[in-house]
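Open the model in a viewer and keep the selection panel at hand. The stops below say what to select and what is there.

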Amino acid sequence: MAVFAHPDDEAFSVGGTLAHYAERGVKVVLVCATRGEAGKITDPSMTVTDLGMQREQELIRACEALGIPAPIFLGFHDSGRAERVRTGDPLALMNADVLDIEARIRPLIEEHQPQVIVTFDPHGGYGHIDHLQIHRATTAAFHSTGHLPHPPQRLYYTAFNHQAAEGMARFNPDLDPLLYGVSDKSIVVRMDVARYAARKKAALAAHGTQMGPESRMGQMTDEDRQMMEQRLLGGEGFSLGGSRASVPRYPLGGLFDGVDYVMYVED
């Protein structure tokens with residue numbers, strides 16, 4: 001189970017990993033807290049009357065590109081950023097009680113019985129308030145579902161090391177590599193997802209409102225875009241947020257390495 005805040009979070013963070021495990025017969029459940037209603041339309045050629053509905057459809061198409069089932073939406077609203085912040089929206093994720101968010105995640109864990117849960121790192125990737133809210137709620141839900149007959153065995157956070165963070169800081173000067181990156185020793189799983197580059201690229205492209213010519217990536221030089229794509233498409237890293245299963249080695253060979261009562265998964 002992967003739990004994120006907005007449509008496109010999954011493609012950037014874990015698209016290759018989700019495609020990898022889905023191809024191996026693992027049941028993949030993607031949970032998205034909002035429909036991205038407060039996002040910025042970065043393609044001037046698009047006419048969008050309902051951005052939430054548009055981005056919902058974009059996420060469905062992204063899931064198809066990755067080979068995973070359609071997402072489950074929690075029904076919160078996107079909080080927005082900068083001039084689009086929705087402080088007055090009571091349904092905005094930033095205004096929700098984190099315990100209420102957790103209360104919507106817990107029944108999904110009980111229903112789908114995931115052995116592994118993946119969500120944002122403690123800094124929310126780059127500090128987005130919605131990402132932080134989902135990190136807190138998902139972490140809480142992992143710990144509060146240990147009483148279930150088949151509780152989740154592992155909790156992972158998306159992670160990139162300091163070197164990768166330094167590269168990202170070239171395109172986002174507000175991103176402090178020492179704050180938002182982690183040490184190599186903190187990354188417990190490194191997924192080589194290069195073979196899924198085409199799928200991940202197609203998933204990113206499916207989010208047309210966010211990947212247009214006025215987006216951060218759309219304004220990059222060819223050299224910078226190539227560099228960014230190498231980072232995004234080649235590998236995905238994860239740190240360990242919690243475990244109810246043994247950790248047979250460090251780093252682990254994959255997300256399911258050492259997990260109990262699980263089908264054999266070739267990592």
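How many disulfides does a search of the whole structure find? The search finds 0, where a disulfide is a pair of cysteine sulfur atoms within 2.5 Å. In general, a disulfide is a covalent bond between the sulfur atoms of two cysteines.

Before moving on, note that this is a predicted model, in which local features need pLDDT of at least 70 and side-chain atom pairs count only at pLDDT 80 or more, while totals for chains, interfaces and linings use all residues. Residues are numbered from 1 along each chain as its sequence is written, and side-chain values use heavy atoms, with hydrogens and water left out.

**Cysteines**

Select Cys32 and Cys63. The cysteine sulfur closest to that of Cys32 belongs to Cys63, and at 8.8 Å the two are too far apart for a bond. Seen from Cys63, the closest cysteine sulfur is that of Cys32. Cys32 is buried, at 2% relative accessibility; buried means under 20% relative accessible area, exposed over 50%, and partly exposed in between, with a 1.4 Å probe and protein chains only. Cys63 is also buried, with a relative accessible area of 0%.

**Helix 2 and helix 8**

Next, select residues 51-66 (helix 2) and residues 197-206 (helix 8). Helices (H or I, at least four residues) are DSSP runs, numbered from the N terminus. The axes of helix 2 and helix 8 come within 8 Å and cross at roughly 170 degrees. Axes here are lines fitted to C-alpha atoms, for helices over the stretch in contact, and angles run from 0 to 180 degrees between N-to-C directions. Helix 2 and helix 8 are therefore roughly antiparallel, the term for angles over 145 degrees.

Which residues make the contact? Helix 2 supplies Glu58, Arg61, Ala62, Ala65 and Leu66, and helix 8 supplies Arg199, Lys200, Ala202, Ala203 and Ala206. Contact means heavy atoms within 4.5 Å. By class, this contact has 6 nonpolar, no polar and 4 charged residues; Ala and Leu are among those that count as nonpolar, and Glu, Lys and Arg among the charged.

**Leu108**

Move to Leu108 in helix 3 (residues 98-112). Leu108 is buried, at 12% relative accessibility. Leaving aside neighbours within four places in sequence, Leu108 is in contact with Met1, Val31, Ile72, Leu74 and Gln113.

**Thr139**

Finish at Thr139 in helix 5 (residues 129-144). Is Thr139 buried or exposed? Thr139 is buried, at 15% relative accessibility. Apart from neighbours within four places in sequence, Thr139 is in contact with Leu155 and Tyr157.

Note on methods. Helices (H or I, at least four residues) and strands (E, at least two) are DSSP runs, numbered from the N terminus. Angles under 35 degrees count as roughly parallel, over 145 as roughly antiparallel, 65 to 115 as roughly perpendicular and the rest as oblique.
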